Amino acid sequence: MPGQPLGKVIGNSGQDRDRVCVLATDDGQHVALLDRCPHRDIALSGGVVKNGTLVCPGHFWRFDLRTGARTDLPERGATVYPTRVVDGWVEALLPPPSPQLPMREWLLGEARKAHRTEAP
Ligand code: FES
């Protein structure tokens, strides 16, 4: 239905990428987004579509449906995926799942990143 976002879990990687929000705009275009607000872990599919924007139900940030950019702070945007319609189905091009890292590898990687940002 136009203006009513639909949230779906479409994968089993256990990562955020599995959560997709799909909606149809007033002009019949289909938009697919990562179903997670860039502010907090709130599903954008619970939001409201108004005048070409999706309003997050968390703290009411507004995202442009064409680009995902936050309307008042474009560098904090939602993730929009390319879509196409095939035989009445909306297909979205999602990124592949990230490789699973053992906890030790992940912690070491995070420590390296933190060390690089602290170095002069
Ligand atoms: S959780 Fe979306 S604006 Fe805060």
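Entry 1, ground rules. I note that residues are numbered from 1 along each chain as its sequence is written, and that side-chain values use heavy atoms, with hydrogens and water left out. In this predicted model local features need pLDDT of at least 70 and side-chain atom pairs count only at pLDDT 80 or more, while totals for chains, interfaces and linings use all residues.

I looked up the strands (DSSP runs of E, at least two residues, numbered from the N terminus) and their pairing (at least two DSSP bridges between two strands). I found an open sheet of four strands in the order 1-2-3-7, paired antiparallel. Its edge strands, pairing on one side only, are strand 1 (6-9) and strand 7 (80-81). Strand 3 (residues 30-34) is joined to strand 7 by two bridges, and Ala32 stands opposite Tyr81 there.

A pocket here is an open set of points on a 1 Å grid over the protein atoms alone, where a 1.4 Å probe fits, with protein on both sides within 12 Å along at least five of seven lines; lining residues have an atom within 4 Å of a point. Of its 16 lining residues, Leu6, Lys8, Val22, Leu23 and Val90 lie nearest the centre. Strand 1, strand 2 (19-24) and strand 9 (89-92) each supply at least two lining residues.
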